[in-house]
Amino acid sequence: MEDALLTDWSRAQFALTAMYHWLFVPLTLGLSFIIAIMETIYVKTGNVVWKEITKFWMTLFAINFAIGLATGIIMEFEFGTNWSNYSWIVGDIFGAPLAIEGIMAFFMESTFFAVMFFGWDKVSKKMHLLSTWLVAIGSNLSALWILVANGWMQNPVGMVFNVDTARFEMESFWDVLFNPNAYSKFLHTIGSGYVMGSLFVVGISAWYLLKGRDVVKAKKSIVVGATFGLITSIFLIVSGDESAHEVALHQPTKLAAMEGLYDGHTRAGIVAVGQLNSEKEIGDKKEPFIWEIEIPYALSFLGFHNTDAFVAGINDLVYGNKEQGIESAKSKIEKGKVAIEALRSYKEAKKSGDIAKAKTALETFRANEPYFGYGYLSDEKEIIPPVALTFYSFHIMVGFGLWFLMLFFFVLYFAMVNRLDGKKMLLRLAVFSIPLGYIAGEAGWIVAEVGRQPWAIQDMLPVGMATSNVSVTAVQTTFWLFAIIFTLLMIAEIKIILKQIKLGMEGH
Amino acid sequence: METIDYGTAMIWYSMWPVVIFVAYKFVRINIEHLENNIETKEKK
């Protein structure tokens with residue numbers, strides 16, 4: 001009971017930190033490139049209006065960058081304070097990309113950030129432009145290494161389990177870097193950051209147009225934002241498709257939860273919109289939806305790029321499906337327990353010098369190693385993540401993503417035909433879409449992280465085995481402390497940014 | 001253990017700079033169009 005409580009509070013604290021962190025990061029990822037493009041136009045054309053536009057958006061970027069740092073650093077510390085078992089077991093692999101992120105990417109963006117923000121009159125135009133691009137590239141490289149680490153947790157590759165130390169150790173750095181889950185996650189995540197940055201620029205520029213202030217600069221900004229947003233929205237769909245394909249291959253329980261699919265079948269459709277039946281339980285005969293609108297074949301195609309493909313449902317994954325060659329969770333748990341017992345037996349045999357027994361135990365362990373993590377689960381239904389949260393988050397993310405694509409298209413179209421000023425409703429929608437971008441981003445992370453429960457490392461390490469040996473009270477206290485600090489930081493950021501926006505684009 | 005296809009991964013990773021470059025090019029085209037529009041409007 002105490003252990004479960006500790007796991008839940010540790011999980012809640014990490015979720016809190018990650019969700020607050022993700023309020024600041026996407027803007028850094030997207031706005032940095034938008035600013036770099038604006039400054040490039042200034043350097044290429046020599047038009048000082050573009051310098052003023054760049055400096056305005058750069059001020060907003062700087063506020064966000066500075067406050068975002070705090071949450072990111074705390075998150076990395078939590079691997080040591082709250083997840084020390086996790087850090088011990090997989091630190092050899094997980095630590096490498098995090099170290100590269102700190103040494104290479106974070107130092108790069110931080111160093112050139114100073115030149116970019118304070119160096120307007122101190123370095124040449126070209127040097128300044130280079131610094132701005134390096135801040136953008138550095139912040140995105142920072143995301144790359146974090147997402148390589150996260151992708152490895154979703155699909156652990158390039159590693160070997162050392163039975164003598166009971167730790168996972170890296171066997172191939174390149175496998176970790178080129179892991180399909182790493183690149184699909186990286187591209188989809190930075191894509192969402194680009195869309196968020198674009199929404200921010202389009203929304204704030206729309207507000208200026210509605211107010212009739214800084215009209216020319218706002219129009220120029222809105223065209224940059226909408227164009228960047230439109231291109232990157234298409235990129236987001238392509239990377240999202242690849243991401244879903246990887247989920248289908250490596251995390252079938254997540255895919256089933258994303259779609260509320262209980263009984264798997266071939267030619268599976270996607271539920272475009274629907275309401276889950278809250279009384280539905282795993283294994284019962286109740287309908288999973290109260291109502292739904294389905295797009296036929298789409299889930300089979302999304303998951304396996306084949307409209308005839310079989311998509312496993314929750315019941316298939318829990319109880320097994322012999323016809324489709326899917327093993328039951330119960331069988332996996334039994335094999336996992338055999339692996340754990342074999343590891344214990346191996347260690348005892350080694351200690352007592354019984355080489356033959358150690359060899360047999362090792363062979364048994366290796367035969368059951370892929371199920372190692374399952375041995376720590378007690379109930380077969382534990383392999384399924386919270387369905388409702390994963391399902392609704394996925395649909396919110398996709399729905400808003402499609403809305404943003406349409407928004408960018410119409411804003412850009414009316415800007416190009418010089419009729420944007422009269423489209424008050426569209427401009428208002430653009431302003432109100434800024435928070436929707438944050439909601440969509442958070443929903444995406446909920447799908448990625450809640451959807452992979454109960455695993456810290458997919459199939460290898462359940463979250464309950466990854467926590468530190470600390471008191472629940474300590475985690476609860478720091479949870480509330482962080483909640484207060486992060487909320488104050490967020491309020492501070494919003495206030496400072498709103499103040500800057502109200503001051504206008506003049507004078508930058 | 002899954003075999004990782006490095007070639008496919010590199011193609012996917014290389015999409016990142018390509019997208020930024022394409023976005024930049026489209027921004028330049030659209031901005032040129034917008035500035036011409038503003039100029040024409042001012043002349044009128």
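This is a predicted model: local features need pLDDT of at least 70, side-chain atom pairs count only at pLDDT 80 or more; totals for chains, interfaces and linings use all residues.
Which residues of α12(A) are buried? They are A:Ala361, A:Phe365 and A:Asn368. These residues lie on the same side of α12(A), because the arc they cover around the axis is only 70 degrees. Part of what covers the buried residues is α11 of chain A, residues 329–352.

Helix α12 of chain A has 14 residues, 355–368, and at 1.5 Å a residue it should span 20 Å; the C-alpha atoms at its ends are 20 Å apart, so the two values agree.

I turn next to the strands. In chain A, strand β1, residues 159–162, and strand β2, residues 167–170, run antiparallel and are joined by four bridges. A:Phe161 has A:Phe168 of β2(A) opposite to it. The two strands form a hairpin with four residues between them, and in the turn A:Ala166 has a positive phi of about 60 degrees.

Finally, the two chains. How many residues of chain A are in contact with chain B? There are 25, and they meet 22 residues of chain B. Helices α1, α5, α6, α7 and α13 of chain A each supply at least two residues of the side that touches chain B. The largest share, ten residues, comes from α7(A). By type, this side of chain A comprises 18 nonpolar, four polar and three charged residues.

Thank you for your attention.

Conventions
Residues are numbered from 1 along each chain as its sequence is written. Chains are lettered from A and ligands numbered from 1 in the order in which they are written. The expected span of a helix is 1.5 Å times one less than its number of residues. A residue is buried if 20 or more other C-beta atoms lie within 10 Å of its own, exposed if 12 or fewer, and partly exposed in between; C-beta atoms are placed from the backbone. The arc is that of the directions from the helix axis to the C-beta atoms. Two residues are in contact if their C-beta atoms, placed from the backbone, lie within 7 Å. Ala, Val, Leu, Ile, Met, Phe, Trp, Tyr, Cys and Pro count as nonpolar, Asp, Glu, Lys and Arg as charged, and the others, Gly among them, as polar. Two strands pair if DSSP finds at least two bridges between them.
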